[in-house]
Amino acid sequence: EIRDDDMFCELPELLDLHLGDNQLSDINFSLSCLKKLRYLDLEFNKIRNLGKETLENLDKVFGNSSGIGGSQIDLHGNPFTCDCNMNPLYDWLKVTKARLVNKNEMRCYDGYPAYNAGIRIVNVEELNCGPVKVVADQNATSHHAVTSTLLAILIVLTATLITVVLWINRITVREKVEPLFKNFKTSLQYSTIEKQDEEPPEVNV
């Protein structure tokens, strides 16, 4: 990606800008400063869609081009997603005055309906939104898994902490627990003796 928006503004005399096959996913750099630009090559990048703001900027730079010597832009070879999110780009391609090289070769990489994949954008008849329920379920499952993992980690940490505290204070704990065990043992012995001393009940025959 190009991080400096004005990267090419330092070359105001630039005529042709070749950025094909550069893994670009958007046109996020300034073009209005290139007054003499006549050709912008963006073929075979990673552009899946172009937003309204980008399209408006392209019109400002290339929209007034006319005649054989006008400025041109090449967008073919990019993996466009032809679904409902593409409507602004789809409409723009129909009305823009910008000169698009290889316009008829711009194809859908995927989209919805699924049969849009592989066809030329000029031949697309439907642009729909795909189902989102599956994504929501996956997100919910993922969230549940994360929550369960965090809970298990919390339980293990708590048990470990309790064990460490008991070990550090084992002498104090023993001093407090031993009398309880002794009292319980003594009480149990007295109960056994009392039962043995009880007279057997009389039996009348």
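Q: Is Glu105 buried or exposed, or partly exposed, and at what relative accessibility?
A: In this predicted model, a residue needs under 20% relative accessible area to be buried and over 50% to be exposed. Glu105 falls between those limits, so the residue counts as partly exposed, with a relative accessibility of 34%.

Q: Which side chain meets Glu105 in a salt bridge?
A: Side chains of opposite charge can pair when their charged atoms come close. Here the N to O distance is 3.5 Å, and a salt bridge asks for a nitrogen within 4 Å of a carboxyl oxygen. The partner of Glu105 is Arg120.

Q: How many residues apart are Glu105 and Arg120?
A: Glu105 sits in the loop between strand E5 (99-101) and E6. Arg120 belongs to the loop between E6 and helix H3 (133-168), and at 29% relative accessibility Arg120 counts as partly exposed. The pair links distant parts of the chain, and the separation is 15 residues.

Q: What parts of the chain does the salt bridge of Glu13 and Lys36 tie together?
A: The two side chains meet at 2.5 Å, N to O. Glu13 counts as exposed at 52% relative accessibility, while Lys36 counts as partly exposed at 45%. Because the residues are 23 apart in sequence, their pair ties together the segment before E1 and the loop between E1 and strand E2 (39-41).

Q: How many salt bridges does a search of the whole structure find?
A: The search of the whole structure gives a total of four.

Q: Which residues gather in a patch of negative charge on the surface?
A: One of the members, Asp6, is in the segment before strand E1 (16-18). A patch residue needs over 30% relative accessible area, and Asp6 is partly exposed at 43%. The residues that gather in this patch are Asp4, Asp5, Asp6 and Glu10.

Technical notes
Residues numbered from 1 in each chain as written. Predicted model: local features only at pLDDT ≥ 70, side-chain atom pairs only at ≥ 80, totals over all residues. Heavy atoms only, no water. Patch = residues over 30% accessible without salt bridge, like charges linked within 9 Å, V, L, I, M, F, W, Y side chains within 5 Å. Areas by Shrake-Rupley, 256 points an atom, 1.4 Å probe, with all protein chains shown as cover. Lys, Arg positive; Asp, Glu negative; His and termini not counted. Charge placed at Lys NZ, Arg CZ, Asp CG, Glu CD. Helix = DSSP H or I, 4+ residues; strand = E, 2+ residues; numbered from the N terminus. Buried < 20%, exposed > 50% of the residue type's maximum accessible area, 1.4 Å probe, protein only.
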